Amino acid sequence: MRHYRIILSIAITFLCGLSLDAQNMSDLLIGEVLVENTSGIVDGYGQRSGWIELFNTSNGTVKFGGCYLSDDKSDLKKYHIPTSDRSAQLGPRQSVVFYTSGNSSQGTFYTNFKLRNGSTLYLVSNDGRTIIDQVEIPADLPADQSVVRIPVGVKEMEFKTQVNPNPTPGSYNGNVDAKTKSQIMKEQDPHGLVLTLIAVMVVFTALLILSFIFGWIGNANKRGKEGPKVKKSKKSLDGKLTPEIAAAISMALSSEFGGEVYAAIALALDDYLRGGVHDIESMVITIQPSSNGNWADKTQNFRQLPR
Amino acid sequence: MSTIIENLKQFWFFTGFANATWQNLAMILIGIVFITIAIKKGWEPLLLVPIGFGMIIGNIPMFPGLNIGVYEDGSVLNTLYQGVKQGWYPPLIFLGIGAMTDFSALISQPRLLLIGAAAQTGIFGAYLLALLLGFDPNQSAYSYMALVPVIQRPIMLALTTKKERLIKMPAPRPVSQREKIIFPIVGFLLTAFIVPSGLPLLGMLFFGNLLKESGVTRRLAETARGPLIDVVTTLIGLTVGASTQADKFLTGNSLKIFLLGLLSFVIATTVGVLFVKFWNLFLKGDRKINPLIGNAGVSAVPDSARVSEVVGREFDPDNHLLMHAMGPNVAGVIGSAVAAGILLGFLG
């Protein structure tokens, strides 16, 4: 028993640990990369340099302090993002831009290397070994064009890589001009009748399925309770409780227990109404021997306990 | 002397008298009416008293920027109101409801689930009306939840005959403890797989019920259905009341949304009752359903089920409909979660 408790405690602690680590660095993604910046975004020092956009794909905050950026597979720890910077974290579905100025003394968001066409950019975990994400930069990438990851699919959690003539550093990489579902529905179903009809049908179907399943569970339970069928003897008159049998049972109970049965039922009801007994089953009241019922305890009459 | 007068003037500007508007006074009056109705008539006192007093709190005229109003970030009332805004309170209420509800009637008569489906037309009725009015409804329904007995009773009476109101439904078959324990687990798995969007509400509802039925977590079940639900009901009522601050609440859009919510209740109750009447055409003998439980498909748990019981007993004091009405009531919760999931899928 003690061993089970220890195993249970370890399992619970492990589960708690898992939940703490659930939102981690693997949710980060290199969202967009621009190598040659001649007419685009200007950094905090008034200069135009290449940039790297990191994107948090999760719905929780991710700290990226301690991660590495590199364009050299043999040196994955090329640029270390400072852990001490409190701004080194990304909110849900947010992005951050690092300038590849080649001078990391300019701040947290300035890398110590410059990007080159034809190289591969790596985002590395804080262990310095695990590659979280990587992007291959085409050798012929024109100036002021970026390599971008565009969200695709219903969940928008999958991404396709393509060259983008209109870079969007720090902004959503998808199609911002795309119509929302609500707008599309409003155009296709202006009065909402189709949606209403579909929705009512789905709700009915879902609850119909539920009612069938609950009905089936109930029937299975009833069958289980009935148990295997026993061959009835002729003496029981096909299981019918005739007045004669009822009278016989009543006489037997009366001679066997006298008024004690009624007293027991009254006690059980009293206990139930006072909240002393949990109704384990519907229509069933359980009588349990009380551990502190000392009404018949002779020692209660003593003024002093015998030595 | 002039400094003293200047300071007194300043003090005057901070008082409620200097900042009062007729809208504030109107809302305070409504709050007092709510409290009076609750105390004098006994209508939903657990909801109306906190909401009514909350309305008075929220509409005390004040100088803005003192960080005390419900809409001012970081104020005490604002912090408590986050439970409504972020949706923390409803799942806690559902935990308590699960821990206090006996689902025997639903387990023994799963067909009653369909009444809950019929009542969901209220949501879509409101959606159609919202489109007509030119906006999307997205406000919470708590403020008119208190009006459930007021709205539903006349509709139920208008749509049913005396003979129908007297229909006695047979007592549900005895349900074994094993079935009662299986129900919240299987029920949760099925419903959550159909509509994951209803996870917080359904999870808490069925978890609360498991606490009750497992028989081994009595203390937890008692806390959930007792002190916990009382605390949350108090906070939800008070903060919803306080959120009716006149300058935010007495606007055209807010009133339209309130009206839409009200209409969705009317539509849901009407369709629920009519659906049972229609269904009864195909049922015989003691299989017939009392149409007074048709209103319970509205997902106001357990208020609408209680309305069924109260109205049913008005006409036959021995006709207890509460147990039967809890089936459609729970189905209403499941159905509204499904409906919300569909709306999210199509419009989200």
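Q: What percentage of the 307 residues in chain A do buried residues make up?
A: This is a predicted model, where local features need pLDDT of at least 70, side-chain atom pairs count only at pLDDT 80 or more, and totals for chains, interfaces and linings use all residues. Residues are numbered from 1 along each chain as its sequence is written, with chains lettered from A and ligands numbered from 1 in the order in which they are written. A residue is buried if 20 or more other C-beta atoms (placed from the backbone) lie within 10 Å of its own, exposed if 12 or fewer, and partly exposed in between. For chain A, the buried share comes to 21%.

Q: Which helix gives the most to the side of chain B that touches chain A?
A: Two residues are in contact if their C-beta atoms, placed from the backbone, lie within 7 Å. The contact between the chains takes 36 residues from chain B and 29 residues from chain A. On the chain B side, α7 (104-108), α8 (113-119), α9 (121-133), α13 (177-194) and α19 (322-347) each supply at least two residues. With eight residues, the top contributor is α19(B).

Q: Is B:L263 buried or partly exposed, and why?
A: B:L263 lies in helix α17 (residues 252-280) of chain B. Leaving aside neighbours within four places in sequence, B:L263 is in contact with B:G125, B:A126 and B:L129. Because 16 other C-beta atoms lie within 10 Å of B:L263, its class is partly exposed.

Q: How far apart in space are B:L263 and B:I151, C-alpha to C-alpha?
A: Along the sequence, B:L263 and B:I151 are 112 residues apart. In space, their C-alpha to C-alpha distance is 9.5 Å.

Notes:
Helix = DSSP H or I, 4+ residues; strand = E, 2+ residues; numbered from the N terminus.
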